[in-house]
Amino acid sequence: MERRGRLAVAAVVPGTGAAAVRGGGLFVTASTVKVDLVAALLLRHGGEGGLTDGQRELAELSIVRSDNAAASELYLLVGGADGLDAAYRALGLVETVAGRDGYWGLTRTTAGDRVRLLRRVFGAPVGAGPAAAGPGAAAGALPGREWLAALMGRVVAEQAWGVSAAGGGGGGVRLKNGWLPRSATGRWVVNSTGAVGAGTLVAVLSDGWRERAEGVAAVEAAARWAVTSVTPATVTPATVTPATVTPAASATALTATAGRGPGGRDTGDWGPDGSTAQ
């Protein structure tokens, strides 16, 4: 049977102990790393108040429209790969390594580290839940996090797929997605991370898809599974301890109930050969 894709998902409800994990392993970030770039910029300048108007504009373009040229400028402003890795240490991300030589979209990460970063952005306690446990659990707060979180709530409609499929509830959806075709395989990386409802934090990473829409469908199904798994009305914290199935879970079962991906054109993502995927 042809391999359909690889997927890892993690979700937590901060302050409750409720968490769900499925799959694992390292994935490239694609444009989800634009949240990292803005976070690194905020760390360097002590928050939004320390940014110039030009830096604020670059950050807004990177998050709201997933603008690649703006992200490349941010990558240089934060000190390239070395500066980004320093930010990861400061933020307590212990499983993430920056892409080098300008290839920020090839930063490697895990679903657990994506949730750790979301905790910084959305001000959640870092020590709660298995997805946050480990050596990075004691890092401090992110200055300017409210501003970054607000940018994630303004992502353009054609890019607002992914974890949004799990439902916004009363708190809306704040997210950043990433997508790129790998030049070596022709297969798609499709990722989505963010906060839904009253503050459930969700990260879905995946790769190996023949078509982008196939990956989007799997990511959305995984996000729905994860949020349902940690919803207080359906589970208690004791029933949502990590449900890891394999180091790199197949997404075949998740895609069986998934809908189609979004229509419309987007700005693309940074490919490993320097191209963009439209």
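**Exercises on salt bridges, a cavity and a strand**

In this predicted model, arginine 6 and aspartate 207 are both buried.

**Exercise 1.** Find what joins the side chains of arginine 6 and aspartate 207, and state which strands hold the two residues.

Solution. 
- Step 1. A salt bridge requires a side-chain nitrogen of Lys or Arg within 4 Å of a carboxyl oxygen of Asp or Glu.
- Step 2. For arginine 6 and aspartate 207 the N to O distance is 2.7 Å, and their side chains meet in a salt bridge.
- Step 3. Arginine 6 belongs to strand S1 (residues 6–13) and aspartate 207 to strand S7 (residues 200–207), so the pair ties together parts that are 201 residues apart in sequence.
- Step 4. Buried means under 20% relative accessible area, and both arginine 6 and aspartate 207 fall in that class.
- Step 5. The structure holds eleven salt bridges.

**Exercise 2.** Describe the salt bridges of arginine 56 and glutamate 60, and classify the residues involved as buried, partly exposed or exposed.

Solution. 
- Step 1. Arginine 56 pairs with aspartate 53 in a salt bridge whose closest N and O atoms are 3.1 Å apart.
- Step 2. Helix H2 (residues 53–64) holds both arginine 56 and aspartate 53, three residues apart, about one turn of the helix.
- Step 3. Glutamate 60 forms a salt bridge with arginine 154, with the closest N and O atoms 2.5 Å apart.
- Step 4. Glutamate 60 is in helix H2, while arginine 154 is in the loop between helix H6 (145–152) and strand S5 (173–181), so this pair ties together parts that are 94 residues apart in sequence.
- Step 5. Glutamate 60 has a relative accessible area of 31% and is partly exposed; arginine 154, at 44%, is also partly exposed.

**Exercise 3.** Count the cavities of 30 Å³ or more, and say which residues line the largest cavity.

Solution. 
- Step 1. The count is one cavity of 30 Å³ or more.
- Step 2. By type, the lining residues of the largest cavity are three nonpolar, two polar and one charged.

**Exercise 4.** Determine how strand S6 (residues 188–196) is covered and how S6 pairs with S5 and S7.

Solution. 
- Step 1. Nine of the nine residues of strand S6 are buried.
- Step 2. Trp188, Val190, Ser192, Gly194 and Val196 lie on one side of S6, with Val189, Asn191, Thr193 and Ala195 on the other; both faces are covered.
- Step 3. S5 and S6 pair in the antiparallel sense over nine bridges, and valine 173 is opposite valine 196 in S6.
- Step 4. The hairpin of S5 and S6 has six residues between the strands, and glycine 186 there takes a positive phi near 75 degrees.
- Step 5. S6 and S7 run antiparallel and are joined by five bridges; in S7, leucine 201 is the bridge partner of alanine 195.
- Step 6. The hairpin of S6 and S7 has three residues between the strands, and glycine 197 takes a positive phi near 60 degrees.

Definitions and conventions:
Residues are numbered from 1 along each chain as its sequence is written. This is a predicted model: local features need pLDDT of at least 70, side-chain atom pairs count only at pLDDT 80 or more; totals for chains, interfaces and linings use all residues. Side-chain values use heavy atoms; hydrogens and water are left out. Helices (H or I, at least four residues) and strands (E, at least two) are DSSP runs, numbered from the N terminus. Buried means under 20% relative accessible area, exposed over 50%, partly exposed in between (1.4 Å probe, protein chains only). On a 1 Å grid over the protein atoms alone, a cavity is a set of points where a 1.4 Å probe fits but cannot get out, and a pocket is an open set with protein on both sides within 12 Å along at least five of seven lines; lining residues have an atom within 4 Å of a point. Grid points are joined across faces, edges and corners, and a volume is the space filled by probe spheres set on the points. Ala, Val, Leu, Ile, Met, Phe, Trp, Tyr, Cys and Pro count as nonpolar, Asp, Glu, Lys and Arg as charged, and the others, Gly among them, as polar. Two strands pair if DSSP finds at least two bridges between them.
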